[in-house]
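Please read the following walk through the structure with the sequence and model at hand.

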Amino acid sequence: MIVYLDTSAVGKLLIDEAESLALAQHLDELAAVPGTVIASGFILETELRRLANRVSIAQAAVTELLSRFTLIDMGRSIYREAGLIPEPSLRSLDALHIAAAQHIAADVFITYDHRQRFAAQILGLTIEQPGVTVN
């Protein structure tokens with residue numbers, strides 16, 4: 001199983017938010033399953049380091065968190081694919097995450113961003129949001 005997380009998800013492992021505990025527990029359960037790959041794109045590093053700067057978290061915490069993920073090299077084709085995603089409200093960095101998840105044939109895409117979730121669902125990705133209750 002391949003699980004892809006975007007920055008809206010991984011950021012919850014750096015900053016305590018309502019869904020943080022549920023997400024951490026879910027990832028621990030997934031990691032215990034042999035053959036599971038928990039991944040993100042290399043863009044995650046830039047986004048997490050910028051987040052840490054904004055909220056005054058030590059960069060060492062980012063380095064430690066990043067070590068838990070398989071980071072995907074995002075070659076030129078992923079940038080092209082991201083640019084061609086048809087959802088007009090999708091932001092560029094979010095499109096890159098979706099294209100990277102598609103590129104590695106992720107079984108699950110974990111995001112807490114509403115626009116990104118919508119675009120990913122349209123493209124057929126299976127979305128999970130641990131800790132979010134659906135009404």
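**Charged pairs, sheet and loops**

The side chains of Glu-45 and Arg-49 meet in a salt bridge, with 2.9 Å from N to O. A salt bridge here is a side-chain nitrogen of Lys or Arg within 4 Å of a carboxyl oxygen of Asp or Glu. This is a predicted model, in which local features need pLDDT of at least 70 and side-chain atom pairs count only at pLDDT 80 or more, while totals for chains, interfaces and linings use all residues. Residues are numbered from 1 along each chain as its sequence is written, and side-chain values use heavy atoms, with hydrogens and water left out.

Glu-45 and Arg-49 are 4 residues apart in helix 3 (residues 43-55), so about one helical turn separates them. Helices (H or I, at least four residues) and strands (E, at least two) are DSSP runs, numbered from the N terminus. Glu-45 is partly exposed at 29% relative accessibility, and Arg-49 is partly exposed at 21%. The term buried means under 20% relative accessible area, exposed means over 50%, and partly exposed lies in between (1.4 Å probe, protein chains only). Side chains of opposite charge can pair when their charged atoms come close.

How many salt bridges does a search of the whole structure find? The search finds 6. Among them is the pair Glu-17 and Lys-12, at 2.4 Å from N to O. Glu-17 is partly exposed, with a relative accessible area of 35%, whereas Lys-12 is buried at 9%. Another salt bridge joins the side chains of Asp-94 and Arg-91 at 2.9 Å, N to O. In this pair Asp-94 is buried, at 9% relative accessibility, and Arg-91 is partly exposed, at 38%. Salt bridges that share partners also link Lys-12, Glu-17 and Glu-19 into one network.

Two strands count as paired if DSSP finds at least two bridges between them. Strand 1 (residues 2-5) and strand 2 (residues 37-41) run parallel and are joined by 3 bridges. Within this pairing, Tyr-4 has Ala-39 of strand 2 as its bridge partner.

Which value does phi of Ser-56 take? Phi of Ser-56 is near 60°, a positive value. Ser-56 sits in the loop between helix 3 and helix 4 (59-66) and is exposed, with a relative accessible area of 69%. Ala-105 also has a positive phi, near 55°. The loop that holds Ala-105 runs between helix 6 and strand 4, and Ala-105 is exposed at 51% relative accessible area.
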